[in-house]
Amino acid sequence: MSDDSKTEQLREFFNPATNQLVDTWHLTPLDEVPRLYEQARMAFHSWSAIPLTERLGMMRQLRLYLVEHLDATADAVAQSTGKVPVEALTSDVLPLIDAILHMEKHAKRALRKRRAPTPLVLFGKRSYIEYKPRGVVLCISPWNYPLQLSLIPVLSALVAGNTVILKPSEVTPLIGKLIERLRDAAGIPKDVLQIAHGAGDLGAALTKGNPDFIFFTGSVRTGKLIQAEAAKQLIPTTLELGGKDPMIVFSDANLERAVQGAIWGAFTNSGQVCMSVERLYVERPIYDRFVQRLVEETKRLRQGTGPDADIGSMTAKMQVDVVREQVREALDKGARLLTGSPPDEWQTDQGLFITPMVLVDVTPEMSIMQEETFGPVLPVIPFDTEDEVVQLANDSPYGLNASVWSKSLARARRVASRLVSGNVVINDVIITVVNHHLPFGGAKQSGLGKYHGEVGLRSFCVETAVMKDSGRQVREVAWYPYAGRYEPLAKLIKSFYGTKTDWVGFIKAYTNLLKGRK
Ligand code: NAD
């Protein structure tokens with residue numbers, strides 16, 4: 001690359017909470033894409049051949065490095081996103097470290113050959129399932145939890161023996177640089193994990209580059225574009241997309257816990273969470289009291305950047321615009337803001353701070369109740385019956401997460417079972433995502449496929465079903481010639497699959513068939 005083109009590719013990054021210049025970064029030129037794939041394909045042969053224990057050793061090295069450099073890592077996340085330090089630590093760094101430990105403990109079992117039973121009618125054969133890496137995996141990630149949402153899929157793919165090209169979000173580009181340092185600290189070869197720095201045009205060029213698998217986390221809109229492109233070559237994908245998660249509070253819930261759960265679930269990371277509480281349904285007998293407590297508690301939250309702050313800034317200017325439009329439309333249509341300032345008063349020149357908002361008198365057809373907001377807004381609606389609230393909660397194109405709050409666990413479980421959602425939490429919010437023994441993914445337009453834990457590791461593999469025969473017989477019972485086979489085959493089916501197994505008839509029919517295969 002010439003010096004001129006290098007300068008053209010140089011970008012500055014400003015901390016969204018302070019609007020101060022933090023660092024610079026380089027865009028990866030679009031014409032680099034073929035070279036990235038070439039290198040990834042070449043590296044695949046050696047990487048997939050090294051023993052799993054060796055790959056897991058690098059994961060351990062990475063985990064220990066992260067623990068040792070905890071403060072610097074959390075600080076890089078906070079500077080990149082405007083998150084408060086506690087959230088950078090607990091919601092981005094900790095889930096990553098925990099996921100690595102889970103891989104270290106469970107990858108061997110998840111990826112080893114598994115014996116499968118073989119039915120009696122296939123007597124004499126053995127069956128097993130084998131998991132092999134897919135090849136070159138393309139990971140494209142978002143900006144809201146830029147470290148864990150990049151590295152958990154990337155590391156799962158690497159552990160399974162794939163090589164990876166990662167395109168982190170252009171909104172948080174320093175995380176791409178941080179991941180390069182983490183890769184080197186773990187001893188993962190550069191060609192095995194390559195980072196492509198850039199925006200949607202680079203993501204689109206990489207998607208066209210014919211990877212063997214695409215793992216995407218981001219908006220429904222981009223997910224559909226990627227899926228359409230992938231379909232041309234039938235490239236398999238996992239898509240982790242947006243949400244509009246309902247929280248349902250029955251009158252018998254622990255009211256104070258539900259209030260605290262609602263404000264944390266709605267406002268953590270300034271509401272920029274795919275699983276944040278975006279619709280709050282409260283049973284009418286407790287509605288007024290609940291809303292009053294919500295407003296009191298929301299007013300107590302402290303915004304800032306320091307270690308004691310509860311809410312940081314927004315991360316992306318364009319997301320502030322989305323939130324502004326939705327709140328404005330809701331207010332124009334009659335909704336009332338009980339706390340937080342109206343959009344026309346927002347000052348974001350010195351940092352993207354917007355105060356948390358509680359909205360009432362909202363109606364189901366407003367875009368604040370239909371579309372993903374991804375900001376610190378909590379719209380509240382009263383409900384009267386269980387059937388009504390289940391219908392309201394399910395009336396959404398999304399299905400990522402939901403929560404049900406009641407002291408009657410039987411009722412909570414019943415309602416949870418009726419929700420069309422990839423995840424449901426009872427008397428808590430969001431939390432399924434951090435348990436790596438659970439599969440994670442959305443229903444409806446919230447996504448396709450699952451990751452995390454053993455299921456997640458295997459999703460980065462080609463799953464091959466194998467059956468083996470000793471190979472001593474010349475023919476199988478169902479092979480040619482068919483002459484004289486129909487009758488014993490029909491007898492075998494009737495004796496084995498009828499209301500009661502007729503073992504004598506079955507053995508006779510089977511022996512007759514075996515005689516014919518010599
Ligand atoms: P986005 O879709 O705008 O961008 C995500 C990534 O896709 C970025 O790296 C971007 O550069 C890239 N991209 C954009 N256009 C592309 C194209 N045409 N082809 C290929 N790549 C392209 O999403 P975002 O604003 O970064 O993230 C917020 C969204 O992500 C929200 O909808 C949120 O709910 C969702 N999300 C989902 C999960 C989940 O696990 N389900 C987790 C976090 C965020």
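Start by selecting Phe123, which counts as exposed because its relative accessibility is 59%. The scale used here calls a residue buried under 20% relative accessible area, exposed over 50%, and partly exposed in between, with a 1.4 Å probe and protein chains only.

Before moving on, a word on what you're looking at: this is a predicted model, where local features need pLDDT of at least 70, side-chain atom pairs count only at pLDDT 80 or more, and totals for chains, interfaces and linings use all residues. Residues are numbered from 1 along each chain as its sequence is written, and side-chain values use heavy atoms, with hydrogens and water left out.

**Stop 1: around Phe123**

Phe123 sits in the loop between strand 3 (114-116) and strand 4 (125-133). Helices (H or I, at least four residues) and strands (E, at least two) are DSSP runs, numbered from the N terminus. The areas come from the Shrake-Rupley method with a 1.4 Å probe, and for residues only the protein chains shown count as cover.

**Stop 2: zoom out**

Show the whole chain as a cartoon, and you have 18 helices and 20 strands to look at. The C-alpha atoms fill a box of roughly 90 × 65 × 40 Å along the principal axes. Of the 518 residues in the chain, 53% are buried.

**Stop 3: the ligand**

Which residues are the closest? They are Glu170, Ser219, Thr222, Leu241 and Glu372, out of 30 residues that surround the ligand; a residue is in this shell if one of its heavy atoms lies within 4 Å.

Next, look at the ligand's oxygen atoms. A side-chain N or O atom of Glu170 is 2.7 Å from a ligand oxygen, and Thr222 also brings a polar side-chain atom to 2.7 Å from a ligand oxygen. The protein covers 90% of the 850 Å² of accessible area that the ligand has on its own.

Color helix 8 (200-207), strand 8 (213-217) and helix 9 (220-232), the elements that give two or more residues to the shell. Helix 8 gives the most, with 4 residues. Sorted by class, the shell has 15 nonpolar, 11 polar and 4 charged residues. In that sorting, Ala, Val, Leu, Ile, Met, Phe, Trp, Tyr, Cys and Pro are nonpolar, Asp, Glu, Lys and Arg are charged, and the others, Gly among them, are polar.

**Stop 4: Ser169**

Pick Ser169, in the loop between strand 6 (163-167) and helix 7 (173-186). Ser169 counts as buried because its relative accessibility is 5%. Follow its side chain to the backbone nitrogen of Val171, at 3.0 Å.

**Stop 5: salt bridges**

Side chains of opposite charge can pair when their charged atoms come close. The structure holds 30 salt bridges, each a side-chain nitrogen of Lys or Arg within 4 Å of a carboxyl oxygen of Asp or Glu.

Select Glu386, which is buried at 17% relative accessible area. Glu386 pairs with Arg414 at 2.8 Å, N to O. That pair links distant parts of the chain, with Arg414 in helix 15 (residues 409-418) and Glu386 in helix 14 (residues 386-394), 28 residues apart. Arg414 is partly exposed, at 43%. Glu386 also forms a salt bridge with Arg418, the closest N and O atoms being 3.8 Å apart. Here the partners are 32 residues apart.

**Last stop: helix 11**

Jump to Gln292 in helix 11 (residues 284-300), partly exposed at 42% relative accessible area. Its side chain makes a polar contact with the side chain of Glu296 (3.0 Å). Glu296 leads you into a network of salt bridges that links Glu256, Arg293, Glu296, Glu297 and Arg300.

Terms used: Polar contact = N/O pair within 3.5 Å; in protein donor to acceptor, adjacent residues only side chain to side chain.
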